[in-house]
Amino acid sequence: MGAVGVGLVDCHCHLSAPDFDHDLDDVLEKAKKANIMALVVVAEHSGEFEKIIQLSERYNGFVLPCLGVHPVQGVSPEDQRSVTLKDLDVALPIIETYKDQLLAIGEVGLDFSPRFAGTDEQKEEQRQVLIRQVQLVNYHLSILIVLKGADKVLLHAFDGRPSVAMEGVKAGYFFSIPPSIVRSGQKQKLVKQLPLTSICLETDSPALGPEKQVRNEPRNISISAEYIAQVKGVSVEEVIEVTTQNALKLFPKLQLLLPK
């Protein structure tokens, strides 16, 4: 393999999800065996924060924590709702406590689906929650959202048009590709257009796996790498090498993990 056995980086996964409560150690062992060198674990709400930090301490240097407040809140589908500034007020002191341990702020964004943000007030509150989190980001944190002034940006599971994505490429943003690419015409078109230098790998575990309704896990990241190699007409080794270098540019703190 190129570059002295470069490992893969899963740039976006949800290991604090209840789906992993019964066998997480096993899932992480399988990830290590699948040549994954780092897992970037993201949060959606403050209830997950302590769990993610504990996980990152237990798997120091392998599980890298990101804390953030997602635009849609609620643990179960029945109680999902648009985020409020109160949600952020609960989260901010915890983020402040752990800021030196964080790789990034995430997962953040906007979700204006009518079900969640049916009013202008809800949309504006989502914007405020996002802006305030972007303002938290200082020189040593990366940010997982498109915003003017944010220079380290990862667009995860981007499902817009390739023409829109190319604007992101011009701005220097990265796009992470999940294993669901094998069943998504949109993601296949996207990868055809994106330069490899703008692509990272992710699983979004437990979602966006190669099969619908089947729990996804980090070891499936090789499926993304193999599919991208096929589309680009390059070796899997090259995809791993370039996407890992991209992850290192996106998350400068990852450099600390590289073997000296």
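Guide: Happy to, and keep in mind that this is a predicted model. Let's start with R127, which has a relative accessibility of 33% and counts as partly exposed.

Visitor: Why is R127 called partly exposed?

Guide: Buried means under 20% relative accessible area and exposed means over 50%, with partly exposed in between. R127 has 33%, so partly exposed is the label. You'll find R127 in helix 5, which covers residues 120-136. Leaving out residues up to four places away in sequence, R127 touches L110 and F112. H12 is 115 residues from R127 along the chain, and their C-alpha atoms are separated by 22 Å.

Visitor: Helix 5 also holds Q133. What makes Q133 buried or exposed?

Guide: Again, check the number: Q133 has 0% relative accessibility. Buried means under 20%, so Q133 counts as buried. With residues up to four places away in sequence set aside, Q133 touches G68, V69, L88, I105 and V108.

Visitor: How do you know whether L208 and Q213 are buried, partly exposed or exposed?

Guide: L208 has a relative accessible area of 25%, which lies between the 20% and 50% cut-offs, so L208 is partly exposed. Q213 has 81%, and exposed means over 50%, so Q213 counts as exposed. L208 is in the loop between strand 10 and helix 8, and Q213 is found in that loop too.

Visitor: What is the phi of L208, and what is the phi of Q213?

Guide: L208 isn't a glycine, yet its phi is positive, about 55°. Q213 isn't a glycine either, and has a positive phi of about 65°.

Visitor: Let's turn to helix pairs. How are two packed helices described?

Guide: By the angle between their axes and the distance between the axes.

Visitor: What makes helix 3 and helix 4 roughly parallel?

Guide: Helix 3 (residues 49-58) and helix 4 (residues 85-98) pack at about 15°, with axes 11 Å apart. Angles under 35 degrees count as roughly parallel, so this pair gets that name. Helix 3 passes helix 4 in a right-handed crossing. On the helix 3 side, F49, E50 and I53 meet A91, I94, I95 and Y98 of helix 4. Sorted by class, that contact has six nonpolar residues, no polar ones and one charged.

Visitor: Why are helix 8 and helix 9 called roughly perpendicular?

Guide: Their axes cross at roughly 110° and come within 8 Å, helix 9 being residues 236-250. The range for roughly perpendicular is 65 to 115 degrees, so helix 8 and helix 9 qualify. Their crossing is right-handed. Helix 8 brings A225, E226, I228 and A229 to the contact, and helix 9 brings V236, V239 and I240. Those residues divide into six nonpolar, no polar and one charged.

Visitor: Which residues touch the most other members of the largest nonpolar core?

Guide: That core has 57 residues, and L15, L28, L39, V63 and L67 touch the most other members. Take V63: setting aside residues up to four places away in sequence, V63 touches L15, L28, L39, V41, L55 and S56. There's also a second, separate core of 17 residues, including V9, A247, L248 and F251.

How values were computed: Residues numbered from 1 in each chain as written. Predicted model: local features only at pLDDT ≥ 70, side-chain atom pairs only at ≥ 80, totals over all residues. Heavy atoms only, no water. Axes fitted to C-alpha atoms, helices over the stretch in contact; angles between N-to-C directions. Helix = DSSP H or I, 4+ residues; strand = E, 2+ residues; numbered from the N terminus. Parallel < 35°, antiparallel > 145°, perpendicular 65-115°, else oblique. Left-handed = near helix turned anticlockwise from the far one by under 90°. Contact = heavy atoms within 4.5 Å. Nonpolar A, V, L, I, M, F, W, Y, C, P; charged D, E, K, R; others polar. Buried < 20%, exposed > 50% of the residue type's maximum accessible area, 1.4 Å probe, protein only. Core = buried A, V, L, I, M, F, W, Y, C linked by side-chain atoms within 4.5 Å.
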